[in-house]
Amino acid sequence: MKSTRQCSRTSCSRPAAATLTYVYADSTVVVGQLAADAEPHSYDLCSHHADRFSAPRGWDVVHIHQDFVDAGPTPDDLDALARAVREAGRPRPSQQPPAPLASEPRRGHLRVVSGDA
């Protein structure tokens, strides 16, 4: 299921739609489709910030894909979410420890006395 990552820009809470990566050896900034997994040296940007990104002076910007649109959840994502919600809401059988018998050794200051005494 796709995670909902947010834009890396400070105080932006929009969903991420693109990934920005710096290629330091070539002085290039690459802005492309949202990566499948979050990378430690990449930045996720919303469509607003991806379209308006400017590179440092002297750097080239490469836009791999121009339409930064969040496709939203797929039917498989929604099905997996519904299954997870159903599973979380299912009552669990209670697991209570069995009552101790009179023949068992004493535990602490309490003990079980049988009714035959």
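This is a predicted model: local features need pLDDT of at least 70, side-chain atom pairs count only at pLDDT 80 or more; totals for chains, interfaces and linings use all residues.
1. Cys7 is buried, at a relative accessible area of 7%. Burial here means under 20%.

2. How many disulfides does the count give? The count comes to zero. A disulfide needs two cysteine sulfur atoms within 2.5 Å.

3. Confidence next. The chain averages a pLDDT of 79. A score of at least 70 is reached by 72% of the residues. Which elements mark the two ends of the range? Strand 3, residues 42–45, has the highest mean pLDDT among the elements, at 91. Helix 2, residues 75–89, has the lowest, at 80.

4. The chain has two helices and four strands. Along the sequence they follow the pattern β-β-β-α-β-α. Among contacts with a separation of 6 or more, 60% come from residues 24 or more positions apart.

5. Strand 1 (residues 18–23) and strand 2 (residues 28–33) are antiparallel, with six bridges. Strand 2 and strand 4 (residues 60–63) are parallel, with four bridges. Val30 is a handy landmark. Within strand 2, Val30 is the bridge partner of Thr21. Val30 also stands opposite Val62 in strand 4.

6. Look at the turn of the hairpin formed by strand 1 and strand 2. Four residues lie between the strands. Ser27 takes a positive phi there, near 50°.

7. The structure holds four aromatic pairs. One of them joins Tyr22 and Trp59: the ring centres are 5.8 Å apart and the planes stand at 90°, so the pair is edge-to-face. This pair links distant parts of the chain, 37 residues apart. Tyr22 lies in strand 1, and Trp59 in the loop between helix 1 (47–51) and strand 4. Tyr22 counts as partly exposed, at 24% relative accessibility. Trp59 is partly exposed too, with a relative accessible area of 22%.

8. Tyr24 and Trp59 form another edge-to-face pair, with 5.8 Å from centre to centre and 90° between the planes. The two residues are 35 apart, and the pair again links distant parts of the chain. Tyr24 is in the loop between strand 1 and strand 2, whereas Trp59 is in the loop between helix 1 and strand 4. Is Tyr24 buried or exposed? Tyr24 counts as exposed, at 60% relative accessibility.

9. These rings belong to a cluster. Ring pairs link Tyr22, Tyr24, Tyr43 and Trp59.

10. Surface figures complete the note. Of the 117 residues of the chain, 19% count as buried. The chain exposes about 9,500 Å². Carbon and sulfur atoms supply 52% of that area.

Terms used. Residues are numbered from 1 along each chain as its sequence is written. Side-chain values use heavy atoms; hydrogens and water are left out. Buried means under 20% relative accessible area, exposed over 50%, partly exposed in between (1.4 Å probe, protein chains only). pLDDT is the predictor's confidence in each residue, from 0 to 100. Two strands pair if DSSP finds at least two bridges between them. Contact means heavy atoms within 4.5 Å. Accessible areas come from the Shrake-Rupley method with a 1.4 Å probe; for residues, only the protein chains shown count as cover. Rings of Phe, Tyr and Trp (its six-membered ring) pair if their centres lie within 6.5 Å; planes under 30 degrees apart count as stacked, over 60 as edge-to-face and the rest as tilted.
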